[in-house]
Amino acid sequence: MTRTTQWVYGWLMLLPALFLLALFTHYPAVANLWHSFFSTPRASRPAVFIGLDNYRTLVDDPIFWQSLINNLWYALGTIPLSIVIALAMALWVNGRLAGRGLLRLAYFTPTVLPMIAVANIWLFFFTPEYGLLEQLTRSFGFATHNWLGSKSTALPALMIVTVWKEAGFFMIFYLAALQSMSPHLAEAAAIEGASRWHFFRRVTLPLLMPTTLFVLVNAVINAFRLVDHVVVMTRGGPDNATSLLLFYVFETGFRFWDSSYAATLTMVLLAILATTALLQFFVLDRRVHYQ
Amino acid sequence: MSYARLSRWLAGCAGALVSALAFAQAPVEVSFYYPVAVGGPITKTIDGYAAEFEKDNPGIKLRPIYSGSYQESIAKALTAVKASDPPVLSILLSTDMYTLIDEDAIIPFDDVMKPADQAWAKSFYPSFMENSQTGGKTWGIPFQRSTIVLYWNKEMFKAAGLDPNRPPQTWAEQLDYAQKLTKRDASGNVSQWGIQVPSSGFPYWLFQAFAIQNGVNLMNAAGTQTYYDRPEVIAALSYWVDLARKHKVHPEGIVEWGTTPRDFFERKMAMMWTTTGNLTNVKNNAKFDFGVAMLPAGKQRGSPTGGGNFYLFKKTTPAQREAALKFVKWATQPERAAQWGIDTGYVAVTPAAFETPVMKKYVQDFPPAAVARDQLPYAKAELSTHDNQRVTKALNDGLQAALTGTKTPEQAMKDAQREAERLLRSYK
């Protein structure tokens, strides 16, 4: 086979995937950027070019800023916690203990359930007076509290749901990584007399870094991508206390029918995700040890 | 299967297909989106209507399409309009009228109605028509409509030494009753609330009742002006906020709409405000004697109307429009409106429906069914303006801020009004 035919074969094989990627990822992103420079077309007046007007509106929009800040807190509250819990669960169910399969299944169940169903279950947990959480806190003598109905606790309540939902999913990746780790390492460390903590810190954790990077990327994307539970549990309330960026995009696009402003908001979301992905791959990746 | 049998079978299929196509070409096809917003087998009822209507009108093929919640339904309908494939007919919120007009999605019924139909168009309760007409034209026909009513637990009234058959008549009485009905233990924990008014999702609707009772509605009839910062409106909000924060007879924070009926069944509170659409639900699930009453009066009685209207879409053929109108008239005739009201708890939309024998008997056996009707003379149009969802959201945010204590009622309503003015300036 000559170099040219090889080259043609290569591109032909790439073509289907490239075509789909361009059609469903790259074209929408570019079209979205284009639309964000126009006004929303209405029946009586077609879209006109308005330059950066939408972006000026965005800077002055208090709900946008609140959604952004909410989302940052949400990311900060859910990502590290769910990763640590996932790792702890994986280490535990990786060991030899009775009922290990059942335990793994239990941890993974939240991931299998659809988010809408999960949100409805948690809605009941958080119900004031007779919800599960309330029955628990009241039996310890605490006063009743309206978890989803107060501005201070609504967002943390949603964070708990997310951590509960995500930790099991990330655990699977850690578990797979742990099981592919050679047992010789542990034996060698035991012969050298390394403590379990030392072995974990110096051997296990560095070897898990590729998995951690992968999980981190996923966790960051999910923190900006998952809003189903917001729709079911609080609809962004009370007074925008749980409005996340994507939820606000949805509200602007499909409740207010302001598609060009929704496109502008989407650009912000896109910029945030692109920056974090680049940071993760180019900065963190250098510190990751691959075997 | 032998070759001969196979070819015979194929020929049979082709023949059936050809005759099916020939048959399908003849009748006028009317697609019809409908949402489901209350419990019960609504889908079955609507399919039954379609079958019955087709039997009476062989030339028309009615295709009912379940389209989710109200919110999902308008999203689907407007997306379909943008893709140039709208339904012919749809049930959507009465408050979506301005949005649908601004999107140029619908036509007024006047364009299709003949002079003889005018009497039918006038047969509905006037308070339902407030949300269905603007600029002298009728854009919507009332179908599944509701108002807010007060439900109370008679056993709790008795236990608190109140007359179980006399609901509160005024704001002062409502507060007084609620204070008597709230139960606290020694450490101040509440085991039974006096009253509960839900405030999640669409608090503006419940709040509108307070405002109307205090003498003003929240917007003008043209949908271009809101009155959120009027002193009467601020006073109405103060009354609601004080129930929770000052008098502590109402749960604090945001009260979930969806779980409020359940709180009532669980005996967590003595009085609740919710839609008449919950009547059948409460009737089936409350294990105690309960009453239904008109909302108490402030300066006057009052409640907003709510619920869905029929709308006719623009990108349709004259034959389709005519067929759709025929169905709308068929579905709102007194006997059917009465049966629909009995099956769902919605308020039958015409006075004539309440004069039918079947409705008369139902009301006699179950008097609460008439409460919503009796309240209709005091009912006003639900909050609806141009750019409706945003203008409403400004109010919702303000209400929730006041109810959670982050803003004073005055500050919250002033902020909401400023935002609404900004949004509406281009429609004046």
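This is a predicted model: local features need pLDDT of at least 70, side-chain atom pairs count only at pLDDT 80 or more; totals for chains, interfaces and linings use all residues.
Student: At what angle do α7 and α10 of chain A cross?
Tutor: Helix α7(A), residues 151-179, and helix α10(A), residues 209-225, cross at roughly 165°, and their axes come within 10 Å. Helices here are DSSP runs of H or I with at least four residues, strands are runs of E with at least two, and both are numbered from the N terminus. Axes are lines fitted to C-alpha atoms, for helices over the stretch in contact, with angles from 0 to 180 degrees between N-to-C directions.

Student: Which residues make the contact between them?
Tutor: From α7(A) they are A:E166, A:F170, A:F173, A:Y174 and A:A177, and from α10(A) they are A:T211, A:F214, A:V215, A:A219 and A:N222. Two residues are in contact if their C-beta atoms, placed from the backbone, lie within 7 Å. By class there are seven nonpolar, two polar and one charged residues. Ala, Val, Leu, Ile, Met, Phe, Trp, Tyr, Cys and Pro count as nonpolar, Asp, Glu, Lys and Arg as charged, and the others, Gly among them, as polar.

Student: Changing topic, how many residues does each chain give to the contact between A and B?
Tutor: Chain B gives 24 residues and chain A gives 22 residues. On the chain B side, α3 (70-82) and α18 (388-403) each supply at least two residues, and the largest share, five residues, comes from α18(B). That side of chain B has six nonpolar, nine polar and nine charged residues.

Student: What does α18(B) pack against within its own chain?
Tutor: The axis of α18(B) comes within 8 Å of that of helix α19(B), residues 409-424, and the two cross at roughly 170°. That makes α18(B) roughly antiparallel to α19(B). Among the contacting residues are B:L395 and B:L399 of α18(B) and B:M413 and B:L423 of α19(B). The residues of this contact divide into 13 nonpolar, one polar and four charged.

Student: Is B:D387 buried or exposed?
Tutor: B:D387 is buried, with 20 other C-beta atoms within 10 Å. A residue is buried if 20 or more other C-beta atoms lie within 10 Å of its own, exposed if 12 or fewer, and partly exposed in between, with C-beta atoms placed from the backbone.

Student: What about B:K248?
Tutor: B:K248 has a positive phi of about 55° although it is not a glycine. B:K248 is placed in the loop between α10 (231-245) and α11 (260-265) of chain B, and is partly exposed, with 18 other C-beta atoms within 10 Å.

How values were computed:
Residues are numbered from 1 along each chain as its sequence is written. Chains are lettered from A and ligands numbered from 1 in the order in which they are written. Angles under 35 degrees count as roughly parallel, over 145 as roughly antiparallel, 65 to 115 as roughly perpendicular and the rest as oblique.
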